[in-house]
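Reader: I would like to learn how to read a few features of a protein model. Could we go through them one at a time, with the general idea before the case?

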Amino acid sequence: MAPPLIFLSVSPGERRVALRREGVLAEAFVERPHRPEGIGDLHVARVSARAPAMGGVFLALTGGETGFLPDSDGGKGRGEGDWLRVAITRTAQGGKGPRLAVRPTPEAVVGPIRLLSRGPEAAVRLAAQNPEAVVVTDHAATAARLRGVLGAARVELSATPAFDDDLEEAFEELSGMAVALPGGGRLTLHPTPALLAIDIDAGAISGGRDAQAHKALNAAALAEALRQIRLRHLAGAILVDMAGMAIARRRDLLPGLAPLVAADPALKLIGLTGLGLIELQRRRVHTPLHDILGDPPSPLTRGLAALRRGLAEAARRPGARLALTASPAVLAALADCAGALDDFADRAGALALRPDPLCPPGQEHVHAE
């Protein structure tokens, strides 16, 4: 079996990270350095209030943020005003602050509130979890930095884009909520504040009477649903509605689902609801991709994608004077993304900004003037 590979595509304002096992995308991350996710960040924080009903305490963090420290992770016995050294173990999501855990130190912990260190980026986390994997990146400065962390033997600098066409297509699919299935079927994901609903559309066999065909399609669709849940960092309560099967037959799918669930340590199979929906629960850790990218894609997502494509245009036309035509909202989002436009200029030359209020979403583009 070939070892997994980690691919790191670095573009202005964004890092995209993919782990491939046997040629199949197994993990995906989109990071924006101007707005770090925070997992593993180490803080000195101060207890601001106890929440007995929640079994923990609230802590004041840098930037006015509030985190929650459960009693089970070091909050027990803590009182208002206590200083603690804590790490972020779950990102802020759904209007809730990050979850914390105490990280003891021999020295006394005193104020002020401050960030002590950033946690590892996605490529480093994946490399630690997959010690046999090599990181392939297309950015020289990033390769040099990672060699200092992982060792020279584990980092390769690629002269071509780190993401091939298949990875680009896979990440494009991750930016939407519909997933095509073989045979014309489709998964549709519907995240809500309360739960994630997944609908399986049988496609061409939806009107057929072949029970085995329906069972096989649903089994394959469920496997893909679990893969998408992990790739997209979806969590909380999850309900899956299958296609074209009587409720009594849906229970037959559960034994085959169990080993797939076991492969994801954060996922738990609850069972079948009274309405015949498969019920799952997944522990929240990372920010869901749709929260980073937007659904539909946000002005920043569209702008960063335009800069990424613009690097390819600059490589094709060295020395050309380049301009970005985009809506004012996209240009404003890029201006607020610290370093993105400067990074593009450093790598490809000066970029003129051309606001076009009529530019349709997805049509933003860098072009030669």
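Author: On a 1 Å grid over the protein atoms alone, a cavity is a set of points where a 1.4 Å probe fits but cannot get out, and lining residues have an atom within 4 Å of a point. Grid points are joined across faces, edges and corners, and a volume is the space filled by probe spheres set on the points. Here the largest cavity has a volume of about 30 Å³.
Author: Some background: this is a predicted model, where local features need pLDDT of at least 70 and side-chain atom pairs count only at pLDDT 80 or more, while totals for chains, interfaces and linings use all residues. Residues are numbered from 1 along each chain as its sequence is written, and side-chain values use heavy atoms, with hydrogens and water left out.

Reader: Which residues line the largest cavity?

Author: The lining consists of Leu174, Ser175, Gly176, Met177, His290, Leu293, Gly294 and Asp295. For classes, Ala, Val, Leu, Ile, Met, Phe, Trp, Tyr, Cys and Pro count as nonpolar, Asp, Glu, Lys and Arg as charged, and the others, Gly among them, as polar. That gives three nonpolar, four polar and one charged residues.

Reader: Now strands, please. How many bridges join β1 to β2?

Author: Strands (E, at least two residues) are DSSP runs, numbered from the N terminus, and two of them pair if DSSP finds at least two bridges between them. Strand β1 (residues 5–11) runs antiparallel to β2, with seven bridges joining them.

Reader: What happens on the way from β2 to β3?

Author: That hairpin also has two residues between its strands, and glutamate 22 takes a positive phi near 50°. Strand β3 (residues 24–31) is antiparallel to β2 and joined to β2 by seven bridges; arginine 15 stands opposite glutamate 31 in β3.

Reader: Is β2 mostly covered or exposed?

Author: Buried means under 20% relative accessible area, exposed over 50%, and partly exposed in between (1.4 Å probe, protein chains only). Strand β2 (residues 14–21) is mostly covered, with seven of its eight residues buried. Proline 112, in the loop between β8 (99–102) and β9 (114–117), counts as exposed because its relative accessibility is 55%.

Reader: Which ring does the charged end of arginine 16 sit over?

Author: A charge sits over a ring if NZ of Lys or CZ of Arg is within 6 Å of the ring centre and within 35 degrees of the ring normal. Arginine 16 has its charged end over the ring of phenylalanine 171, 5.9 Å from the centre. Likewise, arginine 125 lies over the face of phenylalanine 29, at 5.2 Å from the ring centre.

Note on methods: Helix = DSSP H or I, 4+ residues; strand = E, 2+ residues; numbered from the N terminus. 1 Å grid on protein atoms, 1.4 Å probe; cavity = no way out; pocket = protein on both sides within 12 Å on 5 of 7 lines; lining within 4 Å.
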